[in-house]
Amino acid sequence: SCATNNNNMASHGLTYDGCNFFRQRLVLSTLTGKRVKIRNIRSKEDEPGLRDFEASFIRLLDKVTNGSRIEINQTGTVLFYQPGLLYGGSVEHDCNPQRSIGYYLEALLMLAPFMKTSLKATLRGVTNDPTDPTVDLLKSTALPLLKKFGIDGEGLDLKVVKRGMAPGGGGEVAFTCPVRRTINPIQLTDPGKIKRIRGVAYSARVSPQMANRIVDSARGILNQLLPDIYIYTDHMKGANSGKSPGFGLTLVAETLNGCFLSAEMSSTPQGQGEPMLPEDLGANCAKLLLQEIHRGGCVDSTNQSLALLLMTLGQQDVSKVLLGPLSPYTIEFLRHIRDFFQIMFKLEVQKPLEDERKGGDKVLVTCVGAGYSNINKTLK
């Protein structure tokens with residue numbers, strides 16, 4: 001799908017086919033200032049063109065930038081995007097409930113440090129659903145990762161103001177992030193052993209007992225392995241509980257060296273397929289966490305691309321990060337980084353020793369940062 005012809009590259013624009021990896025392309029385009037044209041967006045389907053959630057994503061990008069030019073043809077199958085300057089400031093956005101707020105937030109996490117004024121975003125919609133990373137997960141894994149790269153301080157915060165389960169939504173999230181002129185290179189090569197597990201079992205518009213049942217069944221598995229486990233229950237009431245009933249669990253394992261590995265599950269949205277028992281959800285989520293720990297690395301699979309992007313944008317120095325097996329999404333992200341930044345990563349597979357019980361194969365990812373500096377911060 002990486003159809004890029006050379007005369008096109010001369011005008012600092014890139015052309016892609018299809019609707020896959022839509023966010024990656026627009027985010028990298030916004031950071032590098034390179035124009036992007038995406039053709040054949042679902043052109044062979046019964047309902048061709050951009051979906052509502054993608055249009056909503058484009059509107060969000062338009063809100064945080066200044067002077068972006070966006071052209072979409074009548075059928076919605078071709079998108080031309082010429083990025084403006086990342087402006088930031090106070091932004092409110094109603095996310096389309098087809099995807100959860102996490103879908104929009106993942107992109108904001110990548111862009112926020114490079115704004116002109118620090119971002120204060122209020123996003124409304126679905127906070128937890130089975131497809132996208134939930135807000136709880138991003139709060140407990142993506143924010144600590146940003147801190148490792150030197151993006152920290154009072155201003156970095158992510159709050160669930162109201163919970164909104166799929167499909168109805170009605171949730172609200174507040175995200176604030178300080179701006180940085182440059183990003184520190186990092187060396188994260190040894191995660192260390194797991195020292196504790198934290199989690200949130202949440203429920204909305206169902207009996208508060210659901211959350212307790214989830215906690216009991218998850219602990220039933222994890223307590224065999226580790227004593228230090230604390231799973232909070234979060235039961236939102238009334239106006240703060242959104243429009244749909246549901247429950248779920250987010251688990252995060254923290255290692256001795258401050259790396260976070262996570263897993264989560266949300267109940268099946270109302271009216272979509274078989275309902276799930278809280279006991280099953282708790283147990284399955286615990287097993288997912290163990291799987292994620294087996295994959296290991298210093299960054300879990302949800303945040304691999306965020307880590308790689310920050311490595312790419314770091315100062316002109318070597319960054320090294322040990323990851324578990326790369327997800328297909330991450331592999332495509334590496335290709336896009338090569339397209340937009342002309343930066344190649346060195347990947348070395350590290351096989352664990354037989355007796356070490358260190359889980360699956362790891363990949364040591366190395367690159368030299370592009371020395372990206374926030375162009376919006378130079379005029380001081």
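Reply: **Salt bridges, domains and cavities**

The count comes to 21 salt bridges. A salt bridge here is a side-chain nitrogen of Lys or Arg within 4 Å of a carboxyl oxygen of Asp or Glu. The model is predicted: local features need pLDDT of at least 70, side-chain atom pairs count only at pLDDT 80 or more, and totals for chains, interfaces and linings use all residues. Residues are numbered from 1 along each chain as its sequence is written, and side-chain values use heavy atoms, with hydrogens and water left out.

Take one pair to begin. Glu92 and Arg124 join their side chains in a salt bridge, 3.0 Å from N to O. They link distant parts of the chain, 32 residues apart. Glu92 sits in strand β7 (residues 88-94) and Arg124 in strand β8 (residues 117-125). Strands (E, at least two residues) and helices (H or I, at least four) are DSSP runs, numbered from the N terminus.

A second pair is Arg163 with Asp234. Their side chains form a salt bridge at 2.6 Å, N to O.

Now the domains. The protein chain splits into domain 1 (2-188 + 299-378) and domain 2 (194-295). These bounds come from an automatic or database domain assignment. The C-alpha centres of the two domains are 25 Å apart. Domain 1 puts 36 residues into the contact, and domain 2 puts in 31 residues. Contact means heavy atoms within 4.5 Å. About 2400 Å² is buried between domain 1 and domain 2, and carbon and sulfur atoms give 56% of this. Buried area is the accessible area (1.4 Å probe) that two parts lose on being put together, summed over both. One salt bridge is counted between domain 1 and domain 2.

A cavity is a set of points, on a 1 Å grid over the protein atoms alone, where a 1.4 Å probe fits but cannot get out; lining residues have an atom within 4 Å of a point. Points are joined across faces, edges and corners, and a volume is the space filled by probe spheres set on them.

The second largest cavity has a volume of about 70 Å³. Where does the second largest cavity lie? Domain 1 and domain 2 both give residues to its lining, so the cavity lies between them. Its lining includes Thr141, Lys148, Phe260 and Asp300. Helix α5 (residues 135-148) gives the largest share, four residues. By class, this lining has seven nonpolar, three polar and two charged residues. Ala, Val, Leu, Ile, Met, Phe, Trp, Tyr, Cys and Pro count as nonpolar; Asp, Glu, Lys and Arg as charged; the others, Gly among them, as polar.

The largest cavity has a volume of about 130 Å³. Lining this cavity are 14 residues, and the closest to its centre are Glu106, Ala107, Met110, Ser305 and Tyr329. Two or more lining residues come from each of α2 (22-32), α4 (101-111), α8 (304-313) and α9 (328-341). The largest share, four residues, is from α4. This lining divides into eight nonpolar, four polar and two charged residues.

Phe21 is not a glycine, yet has a positive phi of about 55°. Most residues other than glycine have a negative phi, and most peptide bonds are trans. The peptide bond from Ala166 to Pro167 is cis, with omega near -5°. Pro167 lies in the loop between β9 (157-162) and β10 (171-177).

Notes. 1 Å grid on protein atoms, 1.4 Å probe; cavity = no way out; pocket = protein on both sides within 12 Å on 5 of 7 lines; lining within 4 Å.
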